[in-house]
Amino acid sequence: MLGEFTYCNPTKLYFGENALENLHTELEKYGKKVVLVYGGGSIKKNGIYDAVTKILEEEGKDVAEISGVMPNPTIHKLREGIEIARKHDADFILAVGGGSVFDYSKALSVSVNCEEDPWEKYFVRFEEPDCETIPVGGVLTMVGTGSEMNAGSVITYPEKKLKMGHVFADEKIMPKFAILNPRYTMTLPKYQMVAGIYDIFNHICEQYFSGEDDNSSDYIAEGLMRSVIHASRIAVRNPEDYEARSNIMWDATWALNTLISEGKSGDWMVHMIGQAAGGVTNATHGMTLAAVSLPYYRYIMPYGLPKFVRFAKAVWDVDTEGKTDTEIAKAGLAAMEAWMKELGLVMNLGGLGATEDDVEDIVNGTLILDDGYKVLTKDEVREIVKESL
Ligand code: NZQ
Ligand code: ZN
């Protein structure tokens, strides 16, 4: 384990079928004026909205609502929400939904008391807030992003075809609490469930495929990956399996709550390319990652061969007998591809509506990071995008 770091994750988690009861205790800690943020209406259909608003009422809160936060939330929707939160003089933001609602709530938290334009400040210049932020807490209904226990926020500017993520450095941007009831995820359409599962898996890969030292984080990552693979196979056959769905929910949180990134530089290029594809197609986040993953990993494999060999053995139980390292690594990626197909993921960008005409926009929207096994050039990004079509 190399590196020097400070570990602090202040998000309190309440997990299980009765977790929502704890919303009472949490709400007591904050002022009367609450902004309730949610998406396009799933929480009204499955009863979560009624359960949450009942508690808000019992706690005597004065509530303003921001509804209709869309998947891949836009800067325009954020600006609209800032006005609502300012008018309401918000003391607290309650997010009820998936990663989009949580991300949006964090972006709102850092923008309400800020004079500058949030797009330029947080998603172009990646600055930290220098204004008072509003505390955020939430009830999670969709599993995948880890947004419930991290300081990330991803916002889309549709006219610019850009989707940009900012992981804030200050832990006060992380939700104060998150309520995780696996039962709430049961109404997710299968498409969203599997997209979320792949998002979890890829978050772990992004951190795993970096570094050459013997690092505790990699062993934790391997355990989490095995759990995701195991539980996902059960959940795909029977989405009502509570045990599998709860394991997936817990894995998602630990996949991206800063724990397994300690001592790691991280890669994150699947997310950079996938996010750029998302900016162009507005496709579901996890599917954009699935579409670009294999061309990317097959391309960088020779540069990080020992880790890909370890991945094949420790995560996919590849039989190494009589194989060279390259053959073992390839067999690991083949096993991953078979699992992805078993889940029913969209395996190429064409399946998400992208065409040859979108290639340059995707390449231009891709931020090239330099912490993985291979620092890509723009031309290499272009090749990977073309291969993903
Ligand atoms: O809007 P509603 O009607 O609620 O429907 C949502 C939405 O259509 C639906 N849904 C959520 N919970 C449901 C449900 N439908 C039925 N039953 C339920 N219980 O699911 C759809 C997708 O929701 P969304 O929140 O968009 O999904 P996800 O959690 O995957 O979030 C995606 C966003 O998070 C960002 C992505 O880029 C994307 O913008 N990410 C955030 C990260 C972070 N904060 O660290 C990291 C990730 O890599 C990711 O980039
Ligand atoms: Zn992701």
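A salt bridge here is a side-chain nitrogen of Lys or Arg within 4 Å of a carboxyl oxygen of Asp or Glu. Asp 361 and Lys 161 meet that criterion, with their closest N and O atoms 3.2 Å apart. The model is predicted. Keep this pair in mind while walking through the rest of the structure.

Start with the overall division. The protein chain splits into domain 1, residues 12–185, and domain 2, residues 190–388. Their centres, taken over C-alpha atoms, are separated by 27 Å.

Next, the interface. On the domain 1 side, 28 residues make contact with 26 residues of domain 2. Together the two domains bury about 2300 Å². Carbon and sulfur atoms account for 62% of that area. Val 143, Lys 161 and Lys 163 stand out: they supply 25% of the area that domain 1 buries against domain 2, more than any other three residues.

Now the polar side of this interface. Between domain 1 and domain 2 the count is 1 salt bridge. There are also 8 residue pairs in polar contact between the domains, both partners being at pLDDT 80 or more. Two elements each give two or more residues to the side of domain 1 that touches domain 2: strand E1 (12–15) and strand E7 (162–167). E7 gives the largest share, 4 residues. By residue class, this side of domain 1 holds 14 nonpolar, 9 polar and 5 charged residues.

Turn to the metal site. The zinc ion (ligand 2) is coordinated by Asp 199 through OD, and by His 203, His 271 and His 285, each through NE2. Along the sequence, the donor residues follow the spacing D-x3-H-x67-H-x13-H. Asp 199 sits in helix H7 (residues 190–208) and His 285 in helix H11 (residues 285–300), so this pair ties together parts that are 86 residues apart in sequence.

Finally, return to charge pairing. Side chains of opposite charge can pair when their charged atoms come close. The structure holds 24 salt bridges. One of them joins Glu 80 to Lys 77, with the closest N and O atoms 3.0 Å apart. What separates Glu 80 and Lys 77 in helix H4? The separation is about one helical turn, because the two are 3 residues apart in helix H4 (residues 75–88). The Asp 361 and Lys 161 bridge, at 3.2 Å, is the pair that opened this tour.

Technical notes: Residues are numbered from 1 along each chain as its sequence is written. Chains are lettered from A and ligands numbered from 1 in the order in which they are written. This is a predicted model: local features need pLDDT of at least 70, side-chain atom pairs count only at pLDDT 80 or more; totals for chains, interfaces and linings use all residues. Side-chain values use heavy atoms; hydrogens and water are left out. Domain bounds come from an automatic or database domain assignment. Contact means heavy atoms within 4.5 Å. Buried area is the accessible area (1.4 Å probe) that two parts lose on being put together, summed over both. A polar contact is a pair of N or O atoms within 3.5 Å; within protein, one must be able to donate a hydrogen and the other to accept it, and residues adjacent in sequence count only if both atoms are side-chain atoms. Ala, Val, Leu, Ile, Met, Phe, Trp, Tyr, Cys and Pro count as nonpolar, Asp, Glu, Lys and Arg as charged, and the others, Gly among them, as polar. Donors are N, O and S atoms within 2.8 Å of the metal (3.2 Å for Na, K and Ca); water is not among the atoms, so sites may look incomplete.
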